[in-house]
Amino acid sequence: MQQKPTFERVARRLEPLAWIGPAMVLIAVVVVWPVIEMIRSSFLKISRFGVVQGSNGTGNYAKLFDEADFGGVMIRSVIWVVAVVALTVLISLGLAQLFNQRFPGRRVTRWALIAPWAASVVMTSIMFKWMLDPEVGLINMVRRDLGLLDELGSAAADPLGAAPTAMPWLIAVAVFVSVPFTTYALLAGLATIPADVYEAAKMDGASKWRTYWSVTLPLLRPALTVAALINVMNVFNNFPIIWVMTHGQPGYSTATSTIFMYILKGSDIGESAAMSVVNFGMVIVLVAIFLKVSKWKTEVPR
């Protein structure tokens, strides 16, 4: 058999690059290069005006770790992610199961669910901040009418002004924004579950709760894993909700690592870059822990 020319064989082997090459270039420019620049900047001394003043070694990291609020910010970031993702998944599981049933007006309610997801996160945050305004906020007016609030304009009417009440509201808004995507992802997962497995469970005498726990949830795990993983990354890096509603205040009591990084940028870009690297590493750690706990490599039973 005649061997193909060397040039033709090489061309065949390089042919896949024509398809994956543009994607690789895009990833290199949009993802890899910014990460490299971020790490490089964390070892430089940079003025607040962006002028590089030379190498700073590990000085930026030393300064960052010496910040009095650094530990609290990192702990708060983990609590923020766990609380928002856990509540989002639990609520979305219930909504997905509900919207998977047939009932009058199902199509309208499904469309309505898209609204918080389709709207700008900044716009949603501004809306909730206005509703919580101590003077004219709609939520505070309702609280007053129900006898849960003595008067408008008081300290009790400003839940965003104190950390114990501000953080729960921030979490609630983040859940409100995250639920639509997660619910639709789970709805897509429910649509892939064949009806015959439910028939088999019914014939075996399994209750509805047992069927959901032993049949639905295991088969829904791929969709649940993807949805939760995307939420972990999105929530950890979320900026608009906290910044628009509280600016991380009072003090740094509602600031997560992303907000803290942005605040540091105003005084020390090098330290802010170091915070970015820590932030990036923490996302990787959280994702790794999540994948380990979710046992994503385990084969889904059929």
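Q: Is Leu190 buried or exposed?
A: In this predicted model, Leu190 has a relative accessibility of 6%. Buried means under 20%, so Leu190 counts as buried.

Q: Where does Leu190 sit, and which residues does Leu190 touch?
A: Leu190 is in helix 8. Leave out residues up to four places away in sequence, and Leu190 touches Ala96, Gln97, Asn100, Thr216 and Leu220.

Q: How far apart are Leu190 and Ala223, in sequence and in space?
A: They are 33 residues apart in sequence. From C-alpha to C-alpha, Leu190 and Ala223 are 8.6 Å apart in space.

Q: What about Pro159: where is it found, and is it buried or exposed?
A: Pro159 is in the loop between helix 7 (138-145) and helix 8. Its relative accessible area is 5%, so Pro159 is buried.

Q: Which residues is Pro159 in contact with?
A: Set aside the neighbours within four places in sequence. Pro159 is then in contact with Leu132, Asn140, Arg143, Thr165, Ala166 and Trp169. Take Leu132 from that list. Pro159 and Leu132 are 27 residues apart in sequence and 7.1 Å apart in space, C-alpha to C-alpha.

Q: Where does Thr88 lie, and what is its relative accessibility?
A: Thr88 lies in helix 4 (residues 70-99). Its relative accessibility is 0%, so Thr88 counts as buried. Beyond residues up to four places away in sequence, Thr88 touches Val175, Ser178, Val179, Thr182 and Asn231.

Q: How are two packed helices described?
A: Two numbers do it: the angle between the axes and the distance between the axes. Now try helix 12 (residues 257-265) and helix 13. Their axes come within 7 Å and cross at roughly 165°. Angles over 145 degrees count as roughly antiparallel, so helix 12 and helix 13 are roughly antiparallel to each other. Helix 12 passes helix 13 in a left-handed crossing.

Q: Which residues make the contact of helix 12 and helix 13?
A: Helix 12 supplies Ser257, Thr258, Phe260, Met261, Leu264 and Lys265. Helix 13 supplies Ile269, Glu271, Ser272, Met275, Ser276 and Asn279. By class, this contact of helix 12 with helix 13 has five nonpolar, five polar and two charged residues.

Q: How do helix 9 (residues 195-203) and helix 10 (residues 208-236) pack?
A: The angle is about 160°, and the axes are 11 Å apart. That angle makes helix 9 roughly antiparallel to helix 10. Their crossing is right-handed. The contact is made by Val197, Tyr198 and Ala201 of helix 9, together with Thr211, Val215, Thr216 and Leu219 of helix 10. The contact of helix 9 with helix 10 has five nonpolar, two polar and no charged residues.

Q: At what angle do the axes of helix 6 (residues 121-131) and helix 8 (residues 163-191) cross?
A: They cross at roughly 140°, and the axes come within 11 Å. That makes helix 6 oblique to helix 8. The crossing of helix 6 and helix 8 is right-handed. Val121, Thr124 and Phe128 of helix 6 meet Val173, Phe176 and Val177 of helix 8. By class, the residues of the contact of helix 6 with helix 8 are five nonpolar, one polar and no charged.

Q: Why do residues three or four places apart in an α-helix point the same way?
A: An α-helix has 3.6 residues a turn, so residues spaced three or four places apart point the same way.

Q: Where is the kink in helix 2 (residues 17-41) centred?
A: On Ala28, with a kink of about 40°. In helix 2, Gly21, Met38 and Ser41 are buried. What covers the buried residues of helix 2 includes strand 1 (44-46), helix 3 (59-65) and helix 13 (269-294).

Q: What should I look for in the loop between helix 11 and helix 12?
A: Start with the backbone angles. His247 lies in this loop. Phi of His247 is near 60°, a positive value in a residue other than glycine. His247 has a relative accessible area of 33%, so His247 is partly exposed.

Notes
Residues are numbered from 1 along each chain as its sequence is written. This is a predicted model: local features need pLDDT of at least 70, side-chain atom pairs count only at pLDDT 80 or more; totals for chains, interfaces and linings use all residues. Side-chain values use heavy atoms; hydrogens and water are left out. The bend at a residue is the angle between axes fitted to the seven residues ending there and the seven starting there. Helices (H or I, at least four residues) and strands (E, at least two) are DSSP runs, numbered from the N terminus. Buried means under 20% relative accessible area, exposed over 50%, partly exposed in between (1.4 Å probe, protein chains only). Contact means heavy atoms within 4.5 Å. Axes are lines fitted to C-alpha atoms, for helices over the stretch in contact, and angles run from 0 to 180 degrees between N-to-C directions. Angles under 35 degrees count as roughly parallel, over 145 as roughly antiparallel, 65 to 115 as roughly perpendicular and the rest as oblique. A crossing is left-handed if the near helix is turned anticlockwise from the far one by less than a right angle, and right-handed if clockwise. Ala, Val, Leu, Ile, Met, Phe, Trp, Tyr, Cys and Pro count as nonpolar, Asp, Glu, Lys and Arg as charged, and the others, Gly among them, as polar.
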